Amino acid sequence: MDQITALTEPGLPLKEWWHTATAYQIYPRSFSDSDGDGIGDIAGIISRLDYLKNLGIDVIWLSPIYRSPMDDNGYDISDYRAIAEEFGTLDDFDRLVAEAKARGIGIILDLVVNHTSDEHPWFVQSRTGVQDNPYRDFYIWRKPLTDGGPPNDLQSSFGGPAWTFDEASGEYYLHLFSRRQPDLNWENPRVRAEIYSMMNWWIDRGIAGFRMDVIDYIGKDADQKIVTDGPQLHTYLQEMNAATYGHRDLLTVGETWSATPQTAMLYSSRDRAELSMVFQFEHVTLQWDVLYGKWRPKPLDLVALKTVLGKWQRALETDGWNSLFWGNHDLPRAVSRYGDAAGYRVESAKMLATVLHLLKGTPFVYQGEEIGMTNVPFTTIEQYRDIETLNMHKLHLDAGRLADDFLKGANESSRDNARTPMQWSNEAAGGFSSGIPWIEVNENYKSINAADSVADTSSIWHHYRRLIALRKTHPVIVYGKFESWLDDDPNVFVYSRTLGTSCLVVIANFKPQPQSIEIPADIRIIGVCLSHNYEPRELGAPRLELKPYEAFAVLQT
Ligand code: TEU
């Protein structure tokens, strides 16, 4: 059977443009500063579009660019239809969309509609204290209990109670993040209508889709303390789909920390008309400590990681769709978390890319990952900017944790690891800005930067570029059936992808020690080597000696 016939076999998903796409996430504040104020901006992004085009990506997910007091770097929006002044203007944005489109790249916006900023006019109205204000019911207000306390003990993700008392109205409002991010009341049909109208306004400007912030929260029932997967969640998503992007060809990806393969099917199954795909985080939380969470991470357990990734590959085999990612703006740098930034940075970054990009799903590359940027070794809490890190620092210290111990956790897991400026060159501030960056540049920019990576054909950047191109030329990477091998091996990941007569085998050593493995009898490592991070190896032998972090992929047709 030829590959095109295989693609239209019954049981396989219909083809969508985003099946073959690779996305790239930009955190605008830290990407490229065009005017020297130390903060990245839209004009800066435009100036880097050729770099991204060259890498081969199809879609850019922009973290929020809307007007915001920046309590949570833009995830606190005060005007959904305006651009933050430090990022530029609506004209700049329209130019970005057009310039990206001219290069075959779509722009996906971050849709943050679980909450707004407390400076959003809706909330300003809502909290005036006048109970019959038409905006009162745009947010979630509750009377104090008889002892004056909050309605229940729901906690904010950023630490402390999720309810804050408002003197003016004598009631509590809900905020599952900072107190400056009040939760919208999705039960109010006027709130939903406003959001859909805003979404259509952006869609009409030519965007390619949305990444939806904590979208698993919108069906919540705060009184029952149900936050994720609330009773109305899927009803609202179907309503949103029908009212906005349902009849357009857009990519929608929900951020869903709560997703399981079962719920992912609810979100992304074709007949349900909700989302294209979700971000699931099981491979992330796997490394969190029971007590301290991400602030005292556990070492990587490869068997557990393979189990999670394999489970998701199998569950969404014939319907629904996976997203694939190692990092984002909330997570540590991929090579620091899953690889070996100190000993084998280049080899392990390439290995991780190989493993991820040859799975089934849409890969998302987080800015700087393609050059192997690492976590930042801040030595004092004053160097951190992230609201979550600063709040947690206080809470952990108040609870008796030693400052150095917290810093060690922050070095490994703070969101600021991902937010230090993109390292463009070995010039001052890594070529990110001619001014003083809003957060310190990682001091390793002299040896880790985009200019050097692009110039060196053996770099991590070129490895990413090749992997991204492979997805475009080999349908087996897009649609092939996933199977895994040596599942109990704690050091090596072996999987295959099969489509028609094509079989791709991927072998990756996740350790700094060499490994010797017996090739399972039912797979054969013969054919063309599509990707490797050392010299191409001789194929066909029944035993394989793998070098530290060696990874390669072989295609047999
Ligand atoms: O993140 C949701 C979220 O739950 C994270 O804040 C998470 O709790 C934390 O990073 C893991 O410890 C989204 C955005 O991606 C994040 O940047 C925002 O701060 C948050 O929502 C609020 O909008």
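**Notes on the predicted model**

1. A273 is located in the loop that runs between α8 (261-268) and β11. This is a predicted model, and the backbone at A273 takes a positive phi of about 50° although the residue is not a glycine. Most residues other than glycine have a negative phi. With a relative accessibility of 38%, A273 counts as partly exposed, because that class lies between the limits of 20% and 50%.

2. A further positive phi occurs at N73, where the value is near 50° in a residue other than glycine. N73 belongs to the loop between β3 (66-67) and β4 (79-83). Its relative accessibility is 14%, so N73 counts as buried, the limit for that class being under 20%.

3. The protein is divided into four parts by the domain assignment: domain 1 (2-8 + 18-117 + 189-379 + 415-464), domain 2 (121-174), domain 3 (380-414) and domain 4 (480-556). Between the C-alpha centres of domain 2 and domain 4 the separation is 56 Å.

4. An open sheet is built from eight strands in the order β11-β10-β9-β5-β2-β1-β13-β12, with parallel pairing. β11 (277-279) and β12 (323-324) stand at its edges; each has a single partner strand, so one side of each has no neighbour in the sheet.

5. Antiparallel pairing is found between β17 and β19 (residues 543-546), which are joined over four bridges. Q515 has L546 of β19 as its bridge partner. In a regular strand the side chains alternate between the two faces of the sheet. For β17 (residues 515-518), Q515 and I517 make up the covered face, whereas S516 and E518 make up the uncovered one.

6. Which residues line the largest cavity? They are Q280, H283, L309, W312, Q313, N322, S323, L324, F325, L356 and L359. The elements giving two or more residues to this lining are α10 (302-315) and β12, and the largest share, three residues, comes from α10. By residue class the lining divides into six nonpolar, five polar and no charged residues. The space in this cavity is about 100 Å³, and the model has six cavities of 30 Å³ or more.

7. The structure holds 34 salt bridges. One of them joins the side chains of D204 and R248, at 3.2 Å from N to O. This pair links distant parts of the chain, 44 residues apart: D204 is in the loop between α6 (189-203) and β9 (209-212), and R248 is in the loop between α7 (233-243) and β10 (251-255). D204 counts as exposed at 58% relative accessibility, while R248 is partly exposed with a relative accessible area of 30%.

8. D398 and K394 form a salt bridge in which the closest N and O atoms are 2.8 Å apart. The two residues are four apart in helix α13 (residues 387-398), so about one helical turn separates them. D398 counts as exposed at 55% relative accessibility, and K394 counts as exposed at 53%. Elsewhere, salt bridges that share partners join D72, K294, D330, D386, E388, R415 and R419 into one network.

Key. Residues numbered from 1 in each chain as written. Predicted model: local features only at pLDDT ≥ 70, side-chain atom pairs only at ≥ 80, totals over all residues. Heavy atoms only, no water. Buried < 20%, exposed > 50% of the residue type's maximum accessible area, 1.4 Å probe, protein only. Pairing = 2+ DSSP bridges. 1 Å grid on protein atoms, 1.4 Å probe; cavity = no way out; pocket = protein on both sides within 12 Å on 5 of 7 lines; lining within 4 Å. Points joined across faces, edges and corners; volume = space filled by probe spheres on them. Nonpolar A, V, L, I, M, F, W, Y, C, P; charged D, E, K, R; others polar. Domains from an automatic or database assignment. Salt bridge = Lys/Arg side-chain N within 4 Å of Asp/Glu carboxyl O.
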